[in-house]
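Work through the exercises below with the sequence and the model side by side, and try each task before reading its solution.

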Amino acid sequence: MLDPTRAAVACEPVTVSNTALEPDELEHYRRELTGFCYRMLGSGFEADDAVQETMVRAWRAAESFEGRSSVRSWLYRIATNVCLDLLRGRKRRARPMELGPSSPPDESFLGQMLPEHSWVSPIADGRVLPTDGDPAEIAASRETIRLAFVTALQHLPARQRAVLILCEVLRWQATEAAELLDTSVAAVNSALQRGRATLAAAHAEARPVAVADDQRELLSRYVDAFERYDIPKLVTLLHDDAVQSMPPFAMWIRGAANIGHWMVEPGPSACRGSRLLPTVANGCPAFGQYRPDPEGGYKPWALQVLEISGDRISGAHFFLDTEPLFPAFGLPAHLPA
């Protein structure tokens, strides 16, 4: 595991082929490299590690950069190699829906907590999506960080995954991808064909779904119902076949009625009186959920990522590992009473 606390590399400009690589020039690519590494690895924290390692390797190798390719292509080559190193010999990350059938809304099915490397973790939009540009392109980029799509990518062998992300998501030419991966154009096209087939078979949910143009009213009603813990009202905001998951537990629930029943189980009913702070994750609306703290105020409980189809919620994914997640999303460690 790369060191997630490693500070950004601070270097003097390095002169290469009568040019100078400035620190800011490399930093300019951090956001898009983080998006690439996140899609490769399925973890926001590992993506940060991988990008930092990419920057370290880039500075160490700066004198060997001859300018025959762009700085961007050069960095992507390094980032790809870092990700391939991290993925070597590792089992793929998944979502609870892939680990077994849905469970009845009963705490006895909760089971053991899975280790962090077992599941696809969320990432803040601001760390991977462009801040400006063509709205249609930004919307397309948002689709490629959806939890379902990132999970579907994990079904692909690592090099095939890199090819598909480079060509299908980032719109590189096959010739460019072949050069980066030191392979042939024919091999890239073959990998693309296999990758597309695997994605289609592995996860139909990875395909984009219709999303309401204006979600504000729905989200406002969701926050109101959740904070008042009006479960009958909350259930009306869900699709009949909506799913709820709770990583790092493998248990997941299907059906609005079952989700409503689960919300009043003895354990989850401790969520009564919670407060929600809005954020965005994986191209979706999200909330930091804070439960009442016996010592006063409210303490972190879950990062909720909501998937919306049409005018109702189709998925509610509660990520419970709040200690690293809340700082990554800029959410406070505690709320006052």
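## Exercises on a predicted model

The model used here is predicted, and its protein chain holds 14 helices and eight strands.

**Exercise 1.** Determine how α2 and α8 are oriented relative to each other, and which residues join them.

*Solution.* Two packed helices are described by the angle between their axes and the distance between the axes. Begin, then, with these two values: α2 (residues 30-41) and α8 (residues 158-169) pack at an angle of about 140°, and their axes are 10 Å apart. Angles over 145 degrees would count as roughly antiparallel and those from 65 to 115 as roughly perpendicular, so α2 and α8 are oblique to each other. The next step is the handedness, and the crossing of α2 and α8 is right-handed. Finally, look at the residues that meet: α2 brings Phe36, Arg39 and Met40, while α8 brings Ala158, Arg161, Ala162, Ile165, Leu166 and Val169. Sorted by class, this contact of α2 with α8 has seven nonpolar and two charged residues, and no polar ones.

**Exercise 2.** Carry out the analysis for α2 and α3, giving the angle, the handedness and the make-up of the contact.

*Solution.* The axes of α2 and α3 (residues 44-60) come within 8 Å and cross at roughly 125°, and α2 and α3 are therefore oblique to each other. The crossing in which α2 passes α3 is right-handed. On the α2 side the contact is made by Arg30, Leu33, Thr34, Cys37, Tyr38 and Leu41, and on the α3 side the residues include Gly44, Glu46, Ala47 and Asp48. By class, the residues of the contact of α2 with α3 divide into eight nonpolar, four polar and three charged.

**Exercise 3.** Find where Gly330 lies, and state whether Gly330 is buried or exposed.

*Solution.* Gly330 has its place in the segment after α14 (322-328). Its relative accessible area is 65%, so Gly330 is exposed. Along the chain Gly330 and Ala124 are 206 residues apart, yet their C-alpha atoms are separated by 9.2 Å.

Key
Residues are numbered from 1 along each chain as its sequence is written. This is a predicted model: local features need pLDDT of at least 70, side-chain atom pairs count only at pLDDT 80 or more; totals for chains, interfaces and linings use all residues. Side-chain values use heavy atoms; hydrogens and water are left out. Axes are lines fitted to C-alpha atoms, for helices over the stretch in contact, and angles run from 0 to 180 degrees between N-to-C directions. Helices (H or I, at least four residues) and strands (E, at least two) are DSSP runs, numbered from the N terminus. Angles under 35 degrees count as roughly parallel, over 145 as roughly antiparallel, 65 to 115 as roughly perpendicular and the rest as oblique. A crossing is left-handed if the near helix is turned anticlockwise from the far one by less than a right angle, and right-handed if clockwise. Contact means heavy atoms within 4.5 Å. Ala, Val, Leu, Ile, Met, Phe, Trp, Tyr, Cys and Pro count as nonpolar, Asp, Glu, Lys and Arg as charged, and the others, Gly among them, as polar. Buried means under 20% relative accessible area, exposed over 50%, partly exposed in between (1.4 Å probe, protein chains only).
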